[in-house]
Amino acid sequence: MKKSGIFAIVLLIKLMLGFSGAIAQSPRVVSLGGSVTEIVYALGAEQQLVGADQSSLYPLAAQQLPSVGYYRRLPVEGVASLKPTMVIASEHAGPPQVIEQLRTLQINVVRVSDLPTLDSLQQRVRDIARALDQVSQGEVVLRDFDQALKRAKSVEVIPFKAITVVMRGGKLLGAGRDTAAGVVLHEAGLINALSAQESYRPLSAEAISALAPEVIIVTRGTVESLGSLQALKDSPILKYTPAVANNRILVLDDLLAQGFGLRLPQAVHDIRWELSRAPIQ
Amino acid sequence: MHPSNNHIFIKSPGLATPSGLLLLSSVLLVAIVWALMSGAFQIRPMDMVGWVLGSQLDEVSRNVLLNIRAPRVLLGVITGAVLGMAGAVMQALFRNPLAEPGLVGLSAGASLGAVLAIVLTGGGLLLIGGFAFLGGLAATFLAYFLGKRSSHQSGLLLAGIAINSIGFGAMGVIIIHANDAQLRDLTFWNMGSLASADWAMLAWLTPWSFALIAFLLTQWRVLNALLLGEREAYHLGFHPVRLRWRFITLVALAVGPIVAVTGGIGFVGLVIPHLVRLWLGADHRWVLPASGIAGAIALTLADWLGRIVIAPSELPIGLVTCLLGGPFFIWLLLKGSRAHE
């Protein structure tokens, strides 16, 4: 009896050791890029994360992870110090030299597509799911995404001319065609009045009066830095637009308006829902 | 303020200059060892000492030490030495305590080159580096030719200021056309960093920089003569106009590639020669090597701090030098003005 008790304890210890050994070998992942991190969480693989970058803001828990800073300026030693077995990096992460150095440190670096298009998003989800050995979960996430987007797009909306406005460095900038915000507008059934422009550019008062946007989408952070929505309406650049005259101004979460990730359906839904409720002039 | 007076006035009486150099060199050695041994990636000091003595070190740690940390520390030493000496040379050349490579338009030219490379070609270190070097050289020569038209050295300074303003204006125009990612790249480039260090780049930067440093070191007599004034230098048998030409070219050749590789690292070229002169006097026989060594110490330690202070992220070294160098310089100025009262 006593002997078997000792045996049981030894067995238990062995099991625990074996188990902790398994934990030590479980993947340690550093995720680089806001949308990449969001997908890792959506796949339910967040317990593997040991670090992320500055742009990994959603979900909130991601902000608790050690941050390696701006993902286009990765510190190679900083990333290595987290002892990752795998780095999942947006294609924008860099510099390229650091990516190469990480590979020489026996870290498996997985690059994923990160463009503001639906194809890129799908590819991203599949690649991350494969890297994390969560292929079936990846398909579930994609199916949920498609359904949510379809549901969001079922809300009818008039194809207004719209602009997305953000405040940066004390200036109001408008989102051009290749930006995530531009694609959000498109999916929301609106026409980006600034589609002639690439990237984010300062708004010009004359150009805006010529374009006459009927809807203005503005980020919450922008409204906060201006002080109030009224301040935005009073800004000389936007004051004389049909959007302000008809009060068709939507305030959207910064990440929703500018990010292109799994929460796209929510952004699309919010925009369509708000516009469908607004009285048609 | 006549620097030649400083020589007698401020030089600390107890310390002979050669032993000052020796002291600085020892500090640099300690700083280098320290910077090699510590960083975001933990390697036990005992393991490193053991490795130097012949025992094994795991491959990843060895890689971090040899291929990531070591080139970075070497780049810091070279950058600090070049910026420190370039500052000392410029201050003697213009007989102006505010002179540094940025003043003659070199930094603006190099920045403009880098910005052009980032926006037009989308980056790549070699392209950014090459453009920055050419921009720095072009701006410096332009400043020189404009400055030559007026007979005294303020002409060059004023030309440098004008070129700086043109350079930054042109940069603003380019920045308006940059996209978001490019903007961030530019911002970071302006903050300076040693993170791009690798052996392939150091293989040409090291001999290039040390050759120029060695040549500058032999020029201390000329710089001492220039310090007296151009007319005095002329009567001592030197040709001031030719000398100005020579030193500006040398500084552009030395600083251009450095700025290209590291971005803007402020305050070192300005502060280090001042410190050295306060300590060792104004004789360039000592000011030049001491500025080089002190600059190397400053950047080695600043980079080490930048690497560990917000690990696993990193603080750009240019921010560290400005945040620490600025207050230190103010303290020095206050102390100096009190001593004069």
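Visitor: Is A:Ser199 buried or exposed?
Guide: In this predicted model, A:Ser199 counts as buried, because its relative accessibility is 4% and the cut-off for that class is under 20%. A:Ser199 sits in the loop between β7 (191-192) and β8 of chain A.

Visitor: What is the phi of A:Ser199?
Guide: The phi of A:Ser199 is positive, about 60 degrees, although A:Ser199 is not a glycine. As background, most residues other than glycine have a negative phi.

Visitor: And A:Lys83, what about its phi?
Guide: A:Lys83 also has a positive phi, near 50 degrees, in a residue other than glycine. A:Lys83 lies in the loop between α3 and β3 of chain A, and with a relative accessible area of 44% A:Lys83 is partly exposed.

Visitor: OK, peptide bonds next. Which bond from A:Gly94 is cis?
Guide: The bond from A:Gly94 to A:Pro95 is cis, with omega near 0 degrees, and A:Pro95 is placed in the loop between β3 (86-90) and α4 of chain A. A cis peptide bond also joins A:Tyr58 and A:Pro59, where omega is about -5 degrees; A:Pro59 belongs to the loop between β2 (49-52) and α3 of chain A. For context, most peptide bonds are trans.

Visitor: Switching to the two chains: how many residues of chain A are in contact with chain B?
Guide: On the chain A side 26 residues take part, and they are in contact with 29 residues of chain B. The area buried between chain A and chain B is about 2,300 Å², and carbon and sulfur atoms give 51% of that area. Within what chain A buries against chain B, A:Tyr70, A:Arg73 and A:Glu77 supply 28%, more than any other three residues.

Visitor: Which residue does A:Glu77 form a salt bridge with?
Guide: The partner of A:Glu77 is B:Arg307, and the closest N and O atoms of the pair are 3.4 Å apart. The count between chain A and chain B is 2 salt bridges, and the rule also finds 11 residue pairs in polar contact across this interface, with both residues at pLDDT 80 or more.

Visitor: Which elements of chain A supply the side that touches chain B?
Guide: At least two residues each come from α3 (76-81), α4 (96-104) and β8 (200-202) of chain A. The largest share, 6 residues, comes from α3(A). By class, the side of chain A that touches chain B has 10 nonpolar, 10 polar and 6 charged residues.

Visitor: Now inside chain A. How is it divided into domains?
Guide: Chain A is divided into domain 1, covering 25-152, and domain 2, covering 155-276. Taken over C-alpha atoms, the centres of these two domains of chain A are separated by 28 Å. The contact between them takes 19 residues from domain 1 and 16 residues from domain 2.

Visitor: What area is buried between those domains?
Guide: About 1,300 Å² is buried between domain 1 and domain 2 of chain A, of which carbon and sulfur atoms give 74%.

Visitor: How many salt bridges between the domains?
Guide: The count between domain 1 and domain 2 of chain A is 1 salt bridge. There are also 3 residue pairs in polar contact across that domain interface, with both residues at pLDDT 80 or more.

Visitor: Which helices does domain 1 use on that side?
Guide: In domain 1 of chain A, α2 (34-42), α5 (118-131) and α6 (135-153) each supply at least two residues of the side that touches domain 2. The most is given by α6(A), with 6 residues. By class, that side of domain 1 has 14 nonpolar, 2 polar and 3 charged residues.

Note on methods. Residues numbered from 1 in each chain as written. Chains lettered and ligands numbered in written order. Predicted model: local features only at pLDDT ≥ 70, side-chain atom pairs only at ≥ 80, totals over all residues. Heavy atoms only, no water. Contact = heavy atoms within 4.5 Å. Buried area = accessible area lost by both parts, 1.4 Å probe. Salt bridge = Lys/Arg side-chain N within 4 Å of Asp/Glu carboxyl O. Polar contact = N/O pair within 3.5 Å; in protein donor to acceptor, adjacent residues only side chain to side chain. Helix = DSSP H or I, 4+ residues; strand = E, 2+ residues; numbered from the N terminus. Nonpolar A, V, L, I, M, F, W, Y, C, P; charged D, E, K, R; others polar. Domains from an automatic or database assignment. Buried < 20%, exposed > 50% of the residue type's maximum accessible area, 1.4 Å probe, protein only.
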